[in-house]
Amino acid sequence: MKNLFILGLIAIVFASCSTTGNGELIGVQNRPIWNPTDPYGMVFVPQGSFNMGPGDQDVPYAHVTQHKTVSVAAFYIDETEITNNEYRQFVTWVRDSIARIILGENGVEGYELIEEDEYGNFIDPPNIDWNRPIRWEDAEVREVLEDEMYLPEHERFYSRRQFDTRKYNYRYEDVDIVRASSRSNKAKGKEDRSIFVEKPEINIFPDTLVWTSDYTYSYNDPLSRNYFHHPAFDDYPVVGVSWKQAVAFSKWRTHILDNYLNDREEPLHDEFRLPSESEWEYAARGGYDLAPYPWGGPYTTNDAGCFLANFKPRRGNYTADGGLRTVKVASYNPNNFGLYDMAGNVAEWTSNAYDESAFNFAHDMNFDFNYDAEDSDPEILKRKVIRGGSWKDISHFIQVGTRDYEFQDTAKSYIGFRNVISFIGRDKADFR
């Protein structure tokens, strides 16, 4: 009798572990649990609807002052603009990966590239073993890297051995979902979807000379020499980064987080990217519909007469708000979503192409307009929307509804960026 009881218990256990559902529709069992956690340094913005565009009349810029009621899905957004030190992590990663590949290809012991996976399948391009530090002062390493990564002797200043940042090229892979989803291309994708896989390569080092080139008859050379390099500016917003470089940063950021989560066998977030124009404005408003500024009121000072953002107040008195140029991120109070510097400090790249009439044709659900301009395209097609205004702009340009643009392959001393991630699901409340 005892044996029969044990056999019966085993049968019940096996039946409960079965994935067949005993003939019932139960879905796939034992799926990973998705419990969304806020990515480090990001703020959750719930879905919502708002009136996109300026809240008051603007005659000189009437062609961009239209209004539109827009709804956006939930997303995460960086609490602050990307800082110099955060972007430097990207630059350092690219530099080190290039060095490791060169050392691996030259057969230097300890830097072998991983060309096969655990099943013997060929990996192209090969993976890098990041566990061993680079011995920069090792004689063999110095010899191998001398011509590949350092400035040639005739370009050196006081014979200082410095990295050649012109070689800091980053290559990433992407899938053009919009092109693949078009009716004419779907049939092609069923035969070979590789035609939609893109592999851009771009130099990612910021243009440190923008502080000098952007202003005639203005002495800003100390910033050209120090802004990106000196620890004093670690927490300042990175500038001198083009729209393409900001996109490359977003792809890299996705890559390193995905690798971490894959190693832990955890579900992935959606990818990091630049915010769409509607996401940026919705986040900047912080719930204040029709208000001109992120703090809600119509003025740029508080009751004590203190300015609420870093911009160009009054008649050119840059320092009246506390900063001559950029200031450390989060130097002013956040808006209702907990986001800093959504007005002033640096203007921010968005993912959207600039078109004066975009409000007329873009959808009112997740308003979005993209155009991936080629190098050969006319300049007018390379315009990307920037939002938020900067330290050099008057108050009109730091209003949440003001649109402006810059060309995608240019870098400026007053443009930075921050990332967003689309929230997977409807709302956090669904996962409590």
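1. A residue is called partly exposed when its relative accessible area lies between the 20% under which it is buried and the 50% over which it is exposed. In this predicted model, glutamate 271 has a relative accessible area of 31% and is therefore partly exposed.

2. The side chain of glutamate 271 forms a salt bridge with that of lysine 251, at 3.5 Å from N to O. The pair joins distant parts of the chain, 20 residues apart, with glutamate 271 in the loop between helix H8 (243-263) and strand S11 (272-273) and lysine 251 in helix H8. Lysine 251, at 14% relative accessibility, counts as buried.

3. The structure holds 28 salt bridges, among them the one between glutamate 266 and arginine 264, at 2.9 Å from N to O; glutamate 266 is partly exposed at 32%, and arginine 264 is partly exposed at 47%. In the salt bridge of lysine 382 with glutamate 379, the closest N and O atoms are 3.5 Å apart; lysine 382 is buried at 4%, whereas glutamate 379 is partly exposed at 44%. A network of salt bridges links Glu277, Glu281, Arg285, Arg387 and Arg403.

4. Helices H2 (residues 84-105) and H3 (residues 139-149) pack at an angle of about 120°, their axes being 10 Å apart, and the crossing is right-handed. Arg95, Ile98, Ala99, Ile102 and Leu103 of H2 meet Val141, Val144, Leu145, Glu148 and Met149 of H3, a set made up of 8 nonpolar, no polar and 2 charged residues.

5. Asparagine 185, in helix H5 (residues 183-191), is buried at a relative accessible area of 12%, and its side chain reaches the backbone oxygen of arginine 179 at 2.8 Å.

Methods: Residues numbered from 1 in each chain as written. Predicted model: local features only at pLDDT ≥ 70, side-chain atom pairs only at ≥ 80, totals over all residues. Heavy atoms only, no water. Axes fitted to C-alpha atoms, helices over the stretch in contact; angles between N-to-C directions. Helix = DSSP H or I, 4+ residues; strand = E, 2+ residues; numbered from the N terminus. Left-handed = near helix turned anticlockwise from the far one by under 90°. Contact = heavy atoms within 4.5 Å. Nonpolar A, V, L, I, M, F, W, Y, C, P; charged D, E, K, R; others polar. Buried < 20%, exposed > 50% of the residue type's maximum accessible area, 1.4 Å probe, protein only. Polar contact = N/O pair within 3.5 Å; in protein donor to acceptor, adjacent residues only side chain to side chain. Salt bridge = Lys/Arg side-chain N within 4 Å of Asp/Glu carboxyl O.
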